[in-house]
Every structure is written in C-alpha cells, then in structure tokens.
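Colleague: Could you walk me through how the helices pack and where the pocket sits, and tell me what each label rests on?

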Amino acid sequence: MVARFFQAEMSMLSSTFARSSSIPFRKTLTSFNFRIAMERNSCLRIRSSLVAAFSSSPSHSRNFPIPGLEDVFVGYLFGRKKATEVAHVVWEQVIQKGDMVIDATCGNGNDTLAMLKMVTNDSVGCDGYVYAMDIQKDAIESTSSLLDQAVGPKEKECVKLFNICHSKMEEIIPENSRVRMVAFNLGYLPGGNKSIITVSDTTLSALKAAERILMPGGLISLVVYIGHPGGREELEVVEAFGSSLPVSDWVCCKLQMLNRPLAPVLVFMFKREE
C-alpha cells in the first residue's frame, strides 16, 4: 500500500516537472526514488522509511525509468555508494556526446575521466572536450597520470588541464563556448594536504562564472564535503547562491543525509531550456 501511495505521489511530481523542465533533466527528476518536499529553490528531503518500503516492491525494479539509478540512490542512502557515484548518474542524463564540460576541481581525476567518457565517441576523435582545472599542481599531475593509464593518447587530447583556481574558468575556455556542465567537488584533495581547501570566496566567484557560461539545458553539479573546518560555511554559500537563482530559469535542489552530519552534500542547479 505504501508503495502504491509513493508511486502515485511520484507520478504527480513527475507531471509537475514535465510542464516546466527540459527532457534530459526531467528524466533525472522523475527517477528520484524518494519523497520530495520542494521549497523555493530549496532542498530535497528524504523519508528513509518510504524509500525502504518503495524499493521493496517486487514490480518497482522492472518499471524504474533509468537503469542503475535506483541502486545508486538507495545505496547512497544506506552508505554503500559514494556521493560522486550519484552525481555521475545524474550527469549521464544531461551530458551529450560532443559537449563541452568543465571539471572545476579535478582532484585525482576520477570525475574528469567520467566526463571524458560521456562527451566523446570512440569512433570520432575529439568531438567533445573536458576542461579540467585545479589550484594544486599535484592534482593536475594525478589527473594526467590517471588519464595515461585509462585512455589512449587521442582521447587524452580531449582533456585540457589547467593549474589554476576554479574562479578563473572563463579565462581558459574558448570565447562564446556552449558549456553543458560545470562540476565541483569541494573540499581538499584526497590523499593530499588537508590544509589546502576550496574556500567560500573563490567558490562563489566560480559559481557566478559557471552561471554566466552555462548553456540552457545545462547543469551545475556540486559535491560539498563538510567534515573539515570551513566546509559548512562553504555549503552555506552554495545554498545561498542556489536559492538566489530565479525559479523561472533554474531548478535547484539539495540531497543531504539527516543522520550522517558529516556526509557530503549533493547540490544540483539545472538551467531550464529556453
């Protein structure tokens, strides 16, 4: 009974978004496996009991709109999947072959590699590009090394690496570029110096730059790590920025664990198509 109630509620929510959102992101929103309470450009809140009841329905997995999305979201809720895995599944619903995307904090290169696979066709060379940047030289070297191991020289040419602050992304992309996605992984470099972190001021500047260059139908994606000094303050800046975007042009949401206070927070800001 709970499952039927949940399905009816999701159907109503899907209908609402179908009238206001573009097709790629609509698919993602209609596939969220939880009850959503939407405030004005606010956050997504989850009732774990309903998720558990709904996911136990035998017919649910057969009818789920996007293969793999259910397992990733439920796995994240119960600590079996990483926030970045959720982000990657959402990206796949927005990014198209041939797109230009930006990894604003490339870190050890895992997100960069995932984006590269989404924008390129094996048979066509560089039809899409990833512009990846990081303020730490160690991160650029780590990303380059990962790409050397994972892809061939021709594919690697589709990635442009820059050792700069993410707030300067407009300086490195070609003029009048149509950017489909800008992704952030905020915090410190895993395995690196934990005293070097992204900070609120430059992150806000980077978000404003991303807003300016993002094409209609594009996405700003953030995984915000809050378990270190300054992390929660940075999240507040991200939330304030997302909340300030006009509802007529943007759909903004947040996914946060209530009983895991140090878990990373996922934020998605989708720019409606014109």
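Predicted model: local features only at pLDDT ≥ 70, side-chain atom pairs only at ≥ 80, totals over all residues.

Colleague: Why are helix 5 and helix 6 called roughly antiparallel?

Modeller: Their axes cross at roughly 155° and come within 9 Å. Axes here are lines fitted to C-alpha atoms over the stretch in contact, with angles running from 0 to 180 degrees between N-to-C directions. Angles under 35 degrees count as roughly parallel, over 145 as roughly antiparallel, 65 to 115 as roughly perpendicular and the rest as oblique, so this pair is roughly antiparallel. Helix 5 covers residues 69-77, and helices are DSSP runs of H or I with at least four residues.

Colleague: Which residues make that contact of helix 5 with helix 6?

Modeller: L69, V72, F73 and Y76 of helix 5 touch A83, E85, V86, V89 and V90 of helix 6, where contact means heavy atoms within 4.5 Å. By class that is 8 nonpolar, no polar and 1 charged residues. Ala, Val, Leu, Ile, Met, Phe, Trp, Tyr, Cys and Pro count as nonpolar, Asp, Glu, Lys and Arg as charged, and the others, Gly among them, as polar.

Colleague: What makes helix 6 roughly parallel to helix 7?

Modeller: The axes of helix 6 and helix 7 cross at roughly 20°, and that makes the two roughly parallel. T84, H88, W91 and E92 in helix 6 meet N110, D111, A114, M115 and M118 in helix 7. This contact has 4 nonpolar, 3 polar and 2 charged residues.

Colleague: Why are helix 7 and helix 8 oblique to each other?

Modeller: Helix 7 (residues 110-119) and helix 8 (residues 137-150) pack at about 45°, with their axes 9 Å apart, and they are therefore oblique. N110, T112, L113 and L116 of helix 7 meet T143, L146, L147 and A150 of helix 8. Here the classes come to 5 nonpolar, 3 polar and no charged residues.

Colleague: How many residues line the largest pocket?

Modeller: There are 37, with N185, Y188, L189, P190 and Y225 nearest its centre. A lining residue has an atom within 4 Å of a pocket point. By class the lining has 17 nonpolar, 14 polar and 6 charged residues.

Colleague: Which helix gives the most to the lining?

Modeller: Helix 6 does, with 3 residues. Helix 6 (83-92), helix 7 and strand 4 (179-186) each supply at least two, a strand being a DSSP run of E with at least two residues.

Key:
Residues numbered from 1 in each chain as written. Heavy atoms only, no water. 1 Å grid on protein atoms, 1.4 Å probe; cavity = no way out; pocket = protein on both sides within 12 Å on 5 of 7 lines; lining within 4 Å.
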